[in-house]
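Please look at the sequence and the fold below before reading on.

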Amino acid sequence: MAYWLVKSEPFKYSWEQFEKDKQTYWDGVRNYAARNFMKEMKKGDQVFYYHSNEGLEIVGIAKVVKEFYQDPTTDEDAWVVVDLAPYKKLKKPVSLAQIKADKRLANMALVRLGRLSVGPVTSEEWKAVMELAGE
């Protein structure tokens with residue numbers, strides 16, 4: 001299993017809305033690197049759900065329930081989506097400040113490639129974030 005992180009601005013699509021919807025396709029990704037990461041996602045992979053711009057924290061865990069397919073919001077072949085379902089809200093959200101302060105997470109894609117809306121998370125980073133979340 002691989003681990004990932006996706007970002008959403010809470011005013012556009014919050015964790016709470018995601019939980020109400022029970023599943024969604026992750027659309028609107030218009031960066032080739034982020035798109036390529038989505039193409040690597042496999043059914044069952046776990047995904048940190050990060051509130052960007054406001055909140056700046058990992059708030060929950062989603063699971064990939066359907067691997068990549070054509071983004072239905074555009075006719076451009078270059079763009080894809082994956083289907084995600086909420087799995088678990090974290091006991092304690094993990095802030096970007098906490099992540100940046102933790103030496104174990106210095107090379108995390110969220111820190112190094114801050115503008116990417118989709119990125120990989122190593123198993124060591126996953127364990128460190130889960131520890132910070134009290135999980």
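Rings of Phe, Tyr and Trp (its six-membered ring) count as a pair if their centres lie within 6.5 Å; planes under 30 degrees apart are called stacked, over 60 edge-to-face, and the rest tilted. Searching the whole structure for such pairs gives 10. This is a predicted model, in which local features need pLDDT of at least 70 and side-chain atom pairs count only at pLDDT 80 or more, while totals for chains, interfaces and linings use all residues. Residues are numbered from 1 along each chain as its sequence is written, and side-chain values use heavy atoms, with hydrogens and water left out.

One of the aromatic pairs is Tyr13 with Trp26, which is edge-to-face, at 6.5 Å centre to centre and 75° between the planes. Helices (H or I, at least four residues) and strands (E, at least two) are DSSP runs, numbered from the N terminus. Tyr13 belongs to helix H1 and Trp26 to the loop between strand E2 (24-25) and H3, so the pair ties together parts 13 residues apart in sequence. Both Tyr13 and Trp26 are buried (under 20% relative accessible area, with exposed over 50% and partly exposed in between; 1.4 Å probe, protein chains only).

The ring centres of Trp15 and Tyr49 are 5.3 Å apart and the planes stand at 70°, so this pair is edge-to-face. Here distant parts of the chain are linked, as Trp15 is in helix H2 and Tyr49 in strand E3, 34 residues apart. Trp15 and Tyr49 are buried. Ring pairs join Tyr13, Trp15, Phe18, Trp26 and Tyr49 into a cluster.

Next come the cores. A nonpolar core is a set of buried Ala, Val, Leu, Ile, Met, Phe, Trp, Tyr and Cys residues joined through side-chain atoms within 4.5 Å. The largest has 21 residues, and Trp26, Tyr49 and Leu84 are among those with the most contacts inside it. Elements giving two or more residues to this core include helix H2 (15-21), helix H3 (32-40) and strand E5 (80-95). A second, separate core of 20 residues includes Leu5, Ile99, Leu110 and Val121. In soluble globular proteins, nonpolar side chains tend to be buried together.

Where does Pro10 lie? Pro10 is in helix H1 (residues 10-13), and it is buried because its relative accessible area is 18%. Leaving aside neighbours within four places in sequence, Pro10 is in contact (heavy atoms within 4.5 Å) with His51, Ser52 and Glu54. Pro10 and Ser52 are 42 residues apart in sequence but 7.1 Å apart in space, C-alpha to C-alpha.
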